[in-house]
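Please read them beside the coordinates.

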Amino acid sequence: MRIIGKIKIKCKKCQKIHDICPEDIDDPEINSDERSMGYEIQYIWEHELICDRCNNNLKITLEGYEYPVGILNYQEFSSEGCSIIVEPSLEITNIDDEYEMD
Ligand SMILES: [Zn+2]
């Protein structure tokens with residue numbers, strides 16, 4: 001799974017808008033669980049930054065659930081210190097092409 005599109009967040013303290021590009025975000029933490037229709041794969045991206053105007057700590061967490069494999073079942077975005085004003089899209093990709101699985 002990958003993130004598509006620029007994310008815009010707004011600092012809750014000073015209201016400054018920050019852009020985050022998908023390329024700036026580290027590889028996700030990946031968990032998988034076996035369920036009735038095969039594996040459910042959970043991706044968690046976390047990204048933190050410091051507001052350059054007010055030094056506030058900003059953090060976003062993006063979660064995507066692929067279940068069954070190949071289908072984006074569910075996504076959830078959360079934030080601390082900021083609000084997400086433009087959300088990214090998540091796109092299913094072939095996991096073998098992108099990440100090493102344990
Ligand atoms: Zn700020």
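In what order do the three strands of the open sheet stand, and is the pairing parallel or antiparallel?

1. The model is a predicted one, and in it three strands form an open sheet in the order β3-β2-β8, with antiparallel pairing. Because β3 and β8 (82-86) stand at the edges and have a single partner strand each, one side of each is left without a neighbour in the sheet. Neighbouring strands of this sheet are turned against each other by 30 degrees on average, if direction is ignored.

2. The pairings of β2 can be followed residue by residue. Four bridges join β2 to β3 in an antiparallel arrangement, and Ile7 has Ile20 as its bridge partner in β3. Towards β8 there are likewise four bridges, again with the strands running antiparallel, and here Cys11 is the residue whose bridge partner in β8 is Cys82.

3. The two faces of β2 deserve a separate look. In a regular strand the side chains alternate between the two faces of the sheet. In β2, Ile7, Ile9 and Cys11 make up the covered face, whereas Lys8 and Lys10 make up the uncovered one.

4. As for the protein overall, it has one helix and nine strands, which follow the pattern β-β-β-β-β-β-β-β-β-α along the sequence. The C-alpha trace spans about 45 × 20 × 20 Å along its principal axes, and 17% of the 102 residues count as buried. Of the contacts with a separation of 6 or more, 53% are accounted for by residues 24 or more positions apart.

5. Most residues other than glycine have a negative phi, and most peptide bonds are trans. Gln15, although it is not a glycine, has a positive phi of about 70 degrees; this residue lies in the turn of the hairpin that β2 and β3 form with five residues between them. Gln15 counts as exposed because it has 12 C-beta neighbours inside 10 Å, and the cut-off for that class is 12 or fewer.

6. Asn55 is another residue other than glycine with a positive phi, here near 65 degrees, and its place is the loop between β5 (38-50) and β6. Asn55 has 10 C-beta neighbours inside 10 Å and therefore counts as exposed.

7. The bond from Tyr67 to Pro68 is cis, with omega near -15 degrees, and Pro68 is found in the loop between β6 (57-66) and β7 (72-80).

Conventions
Residues numbered from 1 in each chain as written. Predicted model: local features only at pLDDT ≥ 70, side-chain atom pairs only at ≥ 80, totals over all residues. Buried ≥ 20, exposed ≤ 12 C-beta atoms within 10 Å, placed from the backbone. Pairing = 2+ DSSP bridges. Axes fitted to C-alpha atoms, helices over the stretch in contact; angles between N-to-C directions. Contact = placed C-beta atoms within 7 Å.
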